Structures are given as structure tokens and as C-alpha cells.
Amino acid sequence: MFGVSRQTWIKSALVTAGSVVASVSIVLAIVPLLGGHPDGPGFWMSVVCPLVIAGPASLWQLHQKDVILRQRDELARMHVELEDMHIELRRLHEDLRFRARRDALTGGLNREALFSQLGAIGPSHSGSAALLVIDADHFKRINDAFGHLVGDEALRRIAACIGDTVESGDVWGRIGGEEFVVFLADADTTRALHVTDRLRRAVAGIDLVADGRRVPVSVSIGAATVVGRFDPVDLFRQADEYLYLAKDGGRDRIVFDGRELAPSVA
């Protein structure tokens with residue numbers, strides 16, 4: 001009734017009954033000591049007054065306490081829900097940050113994220129490193145002959161080869177179309193040669209079949225090495241020039257620091 005819980009009514013009734021008992025007991029104990037008789041209107045007043053005063057007062061106080069407790073519990077629940085929402089928002093924010101830096105098709109860094117990371121590495125870099133610019137050979141022919149879905153799969157396979165070849169400290173991504181960039185951190189000439197040739201051979205070995213026909217997948221790679229600090233744009237421009245030499249030389253090959261490599265150096 002009136003939003004008061006059954007438990008509150010019971011508590012109020014018990015308090016009121018206790019007040020009546022206490023009031024009557026006081027009258028029965030004190031009035032005779034004063035020379036009076038505990039009967040008549042005085043006695044009934046000792047019963048009615050607690051009913052009229054203690055009943056509503058206790059009911060109101062107990063109800064307010066119950067409301068406060070419910071509000072406290074609701075606030076605690078809302079606080080937990082709010083904290084859960086904050087955690088979910090942080091997770092979504094991190095997921096969006098991750099996705100904003102990634103190429104959706106291949107999982108590598110996108111162009112902006114890749115060059116941003118290289119820009120952070122370049123000014124303080126020390127030691128040897130190499131930048132590879134990788135381009136899928138005759139990619140338009142793959143799309144025209146087998147369709148864009150097969151072309152997308154070819155790019156995913158190339159990206160998988162890159163991911164399997166590089167190490168955790170290296171940086172790689174897709175910078176557009178069928179072109180990828182790999183930065184081999186702390187790589188001397190021996191490691192850079194080995195990784196570059198291993199990558200070319202891995203791509204050439206991709207077993208991709210569509211409509212019962214094998215899809216020819218290969219890459220041309222231009223590789224430029226650097227020692228110490230570097231400018232990412234200049235290093236990319238140098239490797240890109242070597243890439244065009246590799247493509248002009250017949251594709252499925254590597255031009256490393258200006259010289260074309262034999263089919264395998266491993």
C-alpha cells in the first residue's frame with residue numbers, strides 16, 4: 001500500500017505494539033505509586049497515544065529507510081553498469097584505434113600508419129636496416145582472368161607470406177593496391193638478403209587455384225639498405241626505384257641496392 005513494503009508494515013506494527021506495551025507498563029507501574037488508579041481515560045490514553053503517534057511515525061521512518069536502502073542499491077547497480085560501460089568503451093576505442101591503423105584486407109598496417117611508424121623510427125635509428133617495396137606481378141591480369149575475389153585472396157596470401165617471413169621487431173603493411181612495404185629493423189646485409197629472397201620464393205610457391213586453373217602469383221622487390229638515421233620518404237623513394245628496375249628486368253625478381261639478385265641467394 002502506498003509503495004510501502006510488506007516487511008516495513010510488519011516492522012512498524014511490531015514497533016507500535018512495543019510502544020503500546022511500554023506505555024501501558026509505565027502507566028501501570030507509576031500511577032499507583034502516585035496514589036492513583038490505572039483505569040478509565042488515563043489507561044486508554046496510554047493505549048491510544050502510542051497507536052496514533054508511534055504507528056505513523058515508525059511507518060514513515062522505516063519506509064524512508066527502506067527507500068534509502070533501495071536507492072543505495074540502485075546507485076551501486078548503476079555504478080557497476082557504468083563501470084562496465086566504461087570498460088566496453090575503452091575496448092571499443094582500442095579496437096577502433098587498431099582498425100584505423102590496419103589494412104582491412106591483409107591485416108598489415110595501412111599506408112598512413114606505416115609511414116607514421118617509420119617516421120618515428122627514422123630520426124633515432126642506429127645500426128643497419130633495410131626497406132623493401134614489394135609489388136604483385138601482373139596483378140591486373142589476375143583480376144581480369146579470375147575476378148577480384150581471387151585477386152583479393154592473392155593479396156591475402158602474399159600478406160601471409162610477409163607475416164611468416166618477418167620478425168616481431170620488423171614493420172610491414174600494404175600501402176595501396178598490390179603494393180607492400182617491409183622495414184627490416186636491425187638487419188645487416190646478410191639478413192636482409194636472406195629475408196628478401198625467402199619472401200620472393202614463398203610468394204612464388206603460393207598454391208592458389210581458381211576454376212581449376214592455377215593462379216600465377218609472384219612479386220618483384222626493390223630493397224634499399226640504410227645505416228643509422230634515415231628519412232622514410234627518401235629511403236622509400238630509393239627502394240621504389242629498385243622495384244621498377246626489378247619489374248623492367250622481367251618481374252619475379254629482386255633488385256637489392258641497385259643490383260639484381262640471382263634467382264636464389266639463400
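Which residue in β3 is the bridge partner of V171? The partner of V171 is F183, and the views below start from the strand that holds this residue. The model shown is predicted, so local features are described only at pLDDT of at least 70 and side-chain atom pairs only at pLDDT 80 or more, while totals for chains, interfaces and linings use all residues. Residues are numbered from 1 along each chain as its sequence is written, and side-chain values use heavy atoms, with hydrogens and water left out.

**View 1. The chain as a whole.** The secondary structure comes to seven helices and eight strands, where helices (H or I, at least four residues) and strands (E, at least two) are DSSP runs numbered from the N terminus. Of the 266 residues, 39% count as buried, a term that stands for under 20% relative accessible area, with exposed meaning over 50% and partly exposed the range in between (1.4 Å probe, protein chains only). The accessible surface comes to about 15,600 Å², and 59% of this area belongs to carbon and sulfur atoms; the areas come from the Shrake-Rupley method with a 1.4 Å probe, and for residues only the protein chains shown count as cover. Among contacts (heavy atoms within 4.5 Å) between residues at least 6 apart in sequence, 69% join residues at least 24 apart.

View 2. Six strands form an open sheet with mixed pairing, in the order β2-β3-β1-β6-β7-β8, two strands being paired if DSSP finds at least two bridges between them. Strands β2 and β8 (259-260) stand at the edges and have a single partner strand each, so one side of each is left without a neighbour in the sheet. At the β8 end, β7 (residues 254-256) and β8 are antiparallel and share two bridges, with F256 standing opposite R259.

View 3. All six of the six residues of β3 (residues 179-184) are buried. In a regular strand the side chains alternate between the two faces of the sheet. Both faces of β3 are covered, with E179, V181 and F183 buried on one side and F180, V182 and L184 buried on the other. Strand β1 (residues 128-136) pairs with β3 in the antiparallel sense over six bridges, and L184 is the bridge partner of A130. Strand β2 (residues 171-176) also runs antiparallel to β3, to which five bridges join it; these two strands form a hairpin with two residues between them, and G177 in the turn has a positive phi of about 55°. Helix α5 (residues 148-165) lies across β1, β2, β3 and β6 and runs at about 5° to β3, where axes are lines fitted to C-alpha atoms, for helices over the stretch in contact, and angles run from 0 to 180 degrees between N-to-C directions.

**View 4. Aromatic pairs.** Rings of Phe, Tyr and Trp (its six-membered ring) pair if their centres lie within 6.5 Å, and planes under 30 degrees apart count as stacked, over 60 as edge-to-face and the rest as tilted; by this rule the count comes to two aromatic pairs. F236 counts as buried, at 13% relative accessibility. In the pair of F183 and F230 the ring centres are 5.3 Å apart and the planes stand at 35°, so this pair is tilted. F183 belongs to strand β3 and F230 to the loop between β6 (219-227) and α7, 47 residues apart, and both residues are buried.

**View 5. The two faces of helix α4.** In helix α4 (residues 139-146), the buried residues are F139, I142, N143 and F146. Seen down the axis of α4, these buried residues fall within an arc of 100°, so they line one face of the helix; the arc is that of the directions from the helix axis to the C-beta atoms. The face turned away from the buried side carries the exposed residues K140, R141 and D144. Among the elements that cover the buried residues are β1, α5, β4 (209-210) and β5 (213-214). Just after α4, G147 takes a positive phi of about 100°.

**View 6. The surroundings of R259.** R259, in strand β8, is partly exposed, with a relative accessible area of 44%. Leaving aside residues up to four places away in sequence, R259 touches L193 and I254. A223 is 36 residues from R259 in sequence and 9.6 Å away in space, C-alpha to C-alpha.
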